Amino acid sequence: MANPVLHIKDGYYFEVPKMLWRSRNDSKSDFPNWWVRLDDDFQHIEAGKIFDKLAVKDPFGTMGGEQQKKQMIADYEHWKHSGADHANAGKPFDLYLQSEQKEIFQFIDGPQWMTLRDNIRGEAAIANYKISQPDWSSHKIDEYNHHLHGKILIPQPFGEIKNLHEKADGFCISKFMVLELVIAFCMVATFSWLGRRVRNGDRPRGRLWNFFESFLVFLRDDIAYPVFGKKDGDKFLPLLWTVFLFILGCNLLGMIPWLGAPTAAFGVTVALAVVILATGMMVGSLRLKPFFIGYWLNLLPHMDLPLIMAIPIKPMLMAIELLGLFIKHAVLAVRLLANMVAGHLVLLGIMGIALEFASSGAWYVAAPISIVASTLFSCLELFVALLQAYVFTFLAALFLNAAIHRH
Amino acid sequence: MTVQKRKLLQLTLAFPLAAWILLAAGSSLADDHAAETSADSHTTDSHDAESDPHALDNGHKNASPSMLHPQEFKSDLALFTLVVFILLLAILLKFAWGPITQGLEKREQGIADQIDQARLDAEQANETLQKYKQQLQDAVLEAQQIVAQARQDAETAGDKIVADAKQAAERERDRALDAIDVATRSALDEVAQRGTEIAVDLAGKIISKELNADDHASLIRESIDQFASNN
């Protein structure tokens, strides 16, 4: 089994129970290119090609004989399986050279290596490998299929992935990106529907209408108006609404089996914090006089200092305040990430109790304990999902308010 | 169906479901274990790599160290999130937040207007009520006054009637008394005259002497005086 942390992290596939999604590849040409690139047989051939190319470039002629080639490739294959926690598993020959035989890899310069890499690992090379080389053993194909069961790979029209969790190049569509789009779509559908209802100022009718409206009115009356006051509150309300509901949606997706919480990825929370920071900077720069620099001057607390003291102290304070500005927004991102990751890790641990005993008799004792415990903890997670969305929105409102008002 | 019954049904459905999910998970994991064990024992393939149970799980190979870090920062995901968020904000601003803000304000304005209107109506109603109460009170007072006046008028009229009646009766009585008086007097006069005439006749007869007119007159006078003093 792969590292359990990978269950929480973003990836380029959706994981469902193996029985629901079967991988039915019959020969090596049915497997995706990235999978072939990680195949030991392919990498063995690839290593030979790289060695040959480097041997030609070798200025000292030390990479001559067939014997040395065999030895080096054997060393490489040993290295691949030697790393702690499979750290070197599936690494191509060039990475081996880069980390273990640096002087040899320097025989070839950057652009030359790029060309060579395309030649040995590019799409054409893979296609060629699929046709020209003998097919993998049926045992291997079965094993490969077994590992691909239950993994719905996301099509990648704009880039190529390196493995299930990392991209090789281009723009790759990940699970969290798909989930973000799902949340965005749901929000647009739900709230434009609500908008059509509320538009006329009629009284709210029906459960759904009341349900969604209560969220919006709560955010307005308990965050926006108390923090900004009525006038500015109305201006920032759309941003706060969107932030809260987007984060809440992302958090709650983590509670649905086989999906995941996009807010458990640093990229997502950082992007949201950047939105808040940038909004504060923009609105603050436009509002505080003198135009544009008013915002930065506003970072400094007001002090009655004689000039001689102000010259050394104010720049130092400015540096500290600037640092503080970025740190508090970074903490905004880290808080949300840490809460989501921590909750999911604990759930994973509780589920792990059952999985640990999966093939032993103790499983029948461990499983019920695990079910009850994970049910209870899921309730807590639901609360945390709501709470963290609220905390993020509330702090965002406070930071924005600090950015646009003189203090 | 009562609430308890429904809950019981839900529980009886939920437990087998949960058990089934766990059994399924367990069996698929058992499959994993079996596969790994078989991979363990399988050493016929060309490389000794295949003795490693993870050797054929290409999905996690060639990993960067950061792949296992939960705090890994992926710039493409961050950029994608930024774009999605800003687009979402723009779309929602147009199709949701605009109409919703507008609607909420309209509703609040409507409620405020209705409350104002209700307050105004209540004030007006109160005023009208006070006016009617006053009018009712006035009417009661007026009625009492009218009744009192009527009673007084009636009493006055009654008194007058009684007084008139008394006066009339008195007048009647006085007239009657006068009449009686006159009648009595005339009767007495007549009686006296007749009595005198009879007496004179009688006396003439008795004395059979003719009396002259003077004697006659003095005799009458003496008789009347006598009569009057006898009376």
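These legends describe close-up views of a predicted model. Residues are numbered from 1 along each chain as its sequence is written, and chains are lettered from A in the order in which they are written. Local features need pLDDT of at least 70 and side-chain atom pairs count only at pLDDT 80 or more, while totals for chains, interfaces and linings use all residues.

**View 1. Helix 12 and helix 15 of chain A.** Helix 12 (residues 266-287) of chain A packs against helix 15 (residues 363-404) of chain A at about 25°, with axes 8 Å apart. Helices are DSSP runs (H or I, at least four residues), numbered from the N terminus; axes are lines fitted to C-alpha atoms over the stretch in contact, and angles run from 0 to 180 degrees between N-to-C directions. The two helices of chain A are therefore roughly parallel (angles under 35 degrees).

**View 2. Chain B against chain A.** In this view, 59 residues of chain B are in contact with 80 residues of chain A (C-beta atoms, placed from the backbone, within 7 Å). Helix 2 of chain B gives the most to the side of chain B that touches chain A, with 26 residues.

**View 3. Confidence along chain B.** The mean pLDDT of chain B is 81, and 80% of its residues reach 70 or more; pLDDT is the predictor's confidence in each residue, from 0 to 100. Among the elements of chain B, helix 2 has the highest mean pLDDT (92) and helix 1 the lowest (62). Over residues 33-50 of chain B, pLDDT stays under 50.

Conventions: Angles under 35 degrees count as roughly parallel, over 145 as roughly antiparallel, 65 to 115 as roughly perpendicular and the rest as oblique. Two residues are in contact if their C-beta atoms, placed from the backbone, lie within 7 Å.
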